[in-house]
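This report is meant for someone opening the model for the first time. It goes through selected strands, helices and loops of each chain in turn.

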Amino acid sequence: MGFTEVAPKNRLIKPVWIASLLAVAALLLLPSLVPLDGKTHADWQQFLGRFHPLAVHLPIGMLLLVPLLEIGGRVRPALREASILVLWLCAFSCLGTLALGYLLAYGSGATGAGVTRHMWGGISLTIAVLLCALVRPLWASGKLPYAYPALLGCVMLLMAWAAHQGGSLTHGNYYLTEYLPAPLKRLPGLRMLQAKVPLVPNSFYAQHIHPIWDANCLSCHGESKVKGGLRLDAYNLLMEGGRDGPVIVPGKPEKSLLFTRITLPPSDKKFMPAEGKPPLKPEEIAWIKAWILQGASPTAPSLAGVSVPQPYKEVALPQVGDYSKLLGQISQLEASQGISLLPLSKKLGDGLVLNTINVADKFDDARLAQLQRFAPYIVEVDLGRTAVTDACFDTLKTFTHLRALRLEGTSVTGQGLAKLAPLSQLSYLNLSGTKVTQAAIAPLASMHNLRHLYLYNTPAQPVSAARAQEPSARSSP
Amino acid sequence: MKQHPLCTDPDHGPTILDLPIPNGMKMEWAALETRRHFLGKMGKVFGWAALASLLGDKALTGDAHAANATLASPESLRLPQFAPKAKRAIYLFMSGGPPQMDLLDYKPNLAQFYDKDIPDSVRGNQQLTGMTAGQARFPIAPSHWAFKQFGKSGAWVSDLLPYTAKMVDDLTIIRSTNTEAINHEPAIMLMNTGNMNPGKPCLGSWLSYGLGSINDNLPTFMVLLSKTNPKENNQPVSSRLWSSGFLSSEYAGVGLRSAGDPVLYLSDPKGMDRDVRRKMLDAVNEINHQTYQELGDPETNSRISQYEMAYRMQASVPDLTNMSDEPQSTWDLYGPDAKEPGTFAYNCLMARRMAERDVRFIQVYKRGWDVHSDVTGVLPILCQETDRACYALVTDLKQRGLLEDTLVIWSGEFGRTVYSQGGLSKDNYGRDHHPRCFTSWMAGGGVRPGITYGETDEFSYNVVRDPVPVRNFNATLLHCMGIDHNKLTYKFQGLDQKLTGTTPAEVVTGLLAS
């Protein structure tokens, strides 16, 4: 069988060339005539557009067929006859798919570097396919021996690139490379999902900026869910940006996509955090802005002009020993004396608090002495208005973890107060309404932790009836 | 199952479980019955045993006596979640809504806006009350009074509060409290119970439930109502505000009357001595116990404990209310009003006496702050009635060493508008309800003294920095008392109910002492 190919009839050639070149021009002008403005448009556009990912596989499949037909045609020339038909089908399906894709991008308001690359990939591929179809007759007739194979090779490469861009849009940048075998990952130039670089401790970023992402963003931009190809779970990933390119431009908050998205009106479709999650707090936005302005550094420990209130820290109390074996004895004593000796909090190590208010008039030195076996675990003692006397200090001196002692309204005179000196943790002592004198409290001066000493209505600090009660305003500038 | 008391057929009496009532109720009853058997037998021992089991087996086997100890109140297991800074709290409630910009929220620029309309950008699309929504204009009424700075903290205080001015270094002033309710009843319910609708337990009840009592002879939660002044616009204050809601009625507040006997029928009638009263109570308790055995209603137990509390109060309340033991210095401090029972000053002194006796939560209501009109006429009276007493209370607690572990709170249910309600003149104006910002203060256990927290815009209309919504305000109060507001819960209507409600609340750490 000889290689014969029916040459297209001459009268058709011109209109086909004209129509094709018009189509090429239209395709090239499309992005400037109907620009992707980032706004959403009619719903029908998106409805149709969403068939783009489906339709796109049709031209891909057929385009792959073309070189197969051309190569197979060397053995069975009949196959070659099919290739021009397949090429034109490719060209038309490319045009259709391109239209759908453009509807999708235009209708949904998609923008960004990834979308733009994919769009130009699609447009150039379509043009190249059209050219292929036009050039092939010339190649078949021997007028242009190399143009067609070269063009077809370009089409294949263009197709691979454009398809990869599209895949990246739907699956994220690292879909292909994420599970690449480790040796291959080290190939130069391969954009690879980088490992998370640990935060620099004590940097402003680690202390104040990253926690904002952590609390508000990671559910969508983290390890498990990567919306928009953007991950915020490490500084290096944040700076790498997402599908639409970098999201932080150091020094330029207004050009940083992340900053613009969090400062849109909350009703805006592009507002972040999305899906009705609460907006960032004003001070958080202010910190982010200042941080970007001052270079978006991962290491700077502080920012000029930004003061962050020191976070409140619960001061841990000194812990007493383990008294859990004594709980039974404690409850027995409570019952027999009518007192309460309860843990200060659910954390038993915070110690026990002695309350005597329900049996105040009966609670004397002898009863107090019975508490001695629990002495190291008792941290607060309320003996207000009880019957204890100065002898109580002999027992109390063994309460080594005592922090607060109330003796107000008792008959103590302060003799023996010096015995409390070894109680290094004692910080509160209330002797109001007792008979203590200045001389009696003198030994307390050596107790450096005793910061709160109350002597109201005692000989040491008598209540003066002539207190000035009329207020006087002290104006200050 | 014992025969139902209402059933005449001895063999086939219906049980609770046979009644045509919802299944959920039956299950609740069955659960209560189990709990009743359990608690009834074990009481406090059970509590300690539970605590011991938290500590591991070692603790349980370590002491065999644990199971033999005598019974006591199961309340004693109610421990704070962490070491509390405040053991008790005194809440001075300024019912009606004090005008913040006339007292503590100084707005120096207002004078230049006199009689100008409040900008729309400030007012936004806020819904106003029916009292001013119809006004053609919203003219700004700058405060009639001058402000000065006081103390080391330099807090600005109005000339109306000369005594408060003296203690600013002890106060934590919050200018950014805000609420969602614009009318008295929902707003005051929200402040007290965390919910605008009645039926939820109030702060004091949650504290009683969560922490239990220290002094067995007085109620854990007491309420003091101040006498009303007919010159003031007094909004009603009802017992809903100290109700225990769905918690046992043991935790409801006990109100003292502002006139006459503080508690009615407190003294035994002639001819009835203490022993007779005791015998009578024992008999009544016996009957109540029987009722409880038969019906299993936990409210019966509440009644028993309340009868017992009343019996103990017969001895403790006269001692509490007999102020003849107060030295002259007390009267010098609180002022002459304090001599007259039922005044706010008297109640502040009473609150201090209760704090001394370890009453857990004391709430003092002062009504009349609802100054819709005649602010320059009424506000000085209100301040004169309260300013000195507030100062006296804080100072008195401080000198006696009680302020360290007593939290004092001063707040209304909302603030007032910067624009005048009704006519505005150089001499007078009125102010309508304003929920978006109001000023409160705290002092004492757990809060940072000498700070002013939060900020409003230059019209005292919107919070611009550090807002403190009611739920955060209450979460902070609980925090000072050693309670994690998310953990103080009670299962009711299928929800783990809590004071701070379902909207996530936060402790305002900026208010806390470090």
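Strand β4 (residues 404–406) of chain A pairs with strand β5 (residues 428–430) of chain A in the parallel sense, over three bridges. The bridge partner of A:A404 in β5(A) is A:Y428. Strands and helices here are DSSP runs, numbered from the N terminus: helices are H or I runs of at least four residues, and strands are E runs of at least two. Two strands pair if DSSP finds at least two bridges between them.

This is a predicted model, in which local features need pLDDT of at least 70 and side-chain atom pairs count only at pLDDT 80 or more, while totals for chains, interfaces and linings use all residues. Residues are numbered from 1 along each chain as its sequence is written, and chains are lettered from A and ligands numbered from 1 in the order in which they are written.

**The sheet of chain A**

An open sheet of six strands in chain A runs in the order β1-β2-β3-β4-β5-β6, with mixed pairing. Its edge strands are β1 (340–343) and β6 (452–454) of chain A, each of which pairs on one side only. On average, neighbouring strands of this sheet are turned by 10° against each other, direction ignored. Such angles are taken between axes, which are lines fitted to C-alpha atoms (for helices over the stretch in contact), and they run from 0 to 180 degrees between N-to-C directions.

**A helix pair in chain A**

Helix α6 (residues 113–140) and helix α7 (residues 147–171) of chain A have axes that come within 8 Å and cross at roughly 160°. This makes α6(A) roughly antiparallel to α7(A). Angles over 145 degrees count as roughly antiparallel, those under 35 as roughly parallel, those from 65 to 115 as roughly perpendicular and the rest as oblique. The residues of the contact of α6(A) with α7(A) divide into 19 nonpolar, eight polar and two charged. In this division Ala, Val, Leu, Ile, Met, Phe, Trp, Tyr, Cys and Pro count as nonpolar, Asp, Glu, Lys and Arg as charged, and the others, Gly among them, as polar.

**Backbone details in the loops**

In chain A, the peptide bond from A:M272 to A:P273 is cis, with omega near -5°. A:P273 lies in the loop between α11 (257–262) and α12 (282–293) of chain A.

A:A296 is not a glycine, yet its phi is positive, about 50°. The loop that holds A:A296 runs between α12 and α13 (327–337) of chain A. A:A296 is buried, with 21 other C-beta atoms within 10 Å. A residue is buried if 20 or more other C-beta atoms lie within 10 Å of its own, exposed if 12 or fewer, and partly exposed in between, with C-beta atoms placed from the backbone.

Chain B has a residue of this kind in B:S460, which is not a glycine but has a positive phi of about 50°. B:S460 sits in the loop between β13 (455–456) and β14 (463–465) of chain B. It counts as buried, with 27 C-beta neighbours inside 10 Å.

**Strand β4 of chain B**

Eight of the eight residues of strand β4 (residues 171–178) of chain B are buried, so β4(B) is largely enclosed by the rest of the structure.

| Partner of β4(B) | Sense | Bridges |
|---|---|---|
| β11 (residues 438–444) of chain B | antiparallel | five bridges |
| β12 (residues 451–453) of chain B | parallel | three bridges |
| β15 (residues 468–469) of chain B | parallel | two bridges |

B:T177 stands opposite B:F438 in β11(B) and opposite B:V468 in β15(B). B:I174 has B:Y453 in β12(B) as its bridge partner.

**Helix α7 of chain B**

Helix α7 (residues 203–211) of chain B is mostly covered, as nine of its nine residues are buried. Among them are B:W206 and B:Y209. The buried residues of α7(B) pack against α6 (184–193), β5 (221–225), β7 (361–366) and α13 (470–480) of chain B. After α7(B) comes B:G212, whose phi is positive, near 75°.

Chain A has 16 helices and six strands, and buried residues make up 32% of its 477 residues. Chain B has 13 helices and 17 strands, and 47% of its 514 residues are buried.

Conventions
Two residues are in contact if their C-beta atoms, placed from the backbone, lie within 7 Å.
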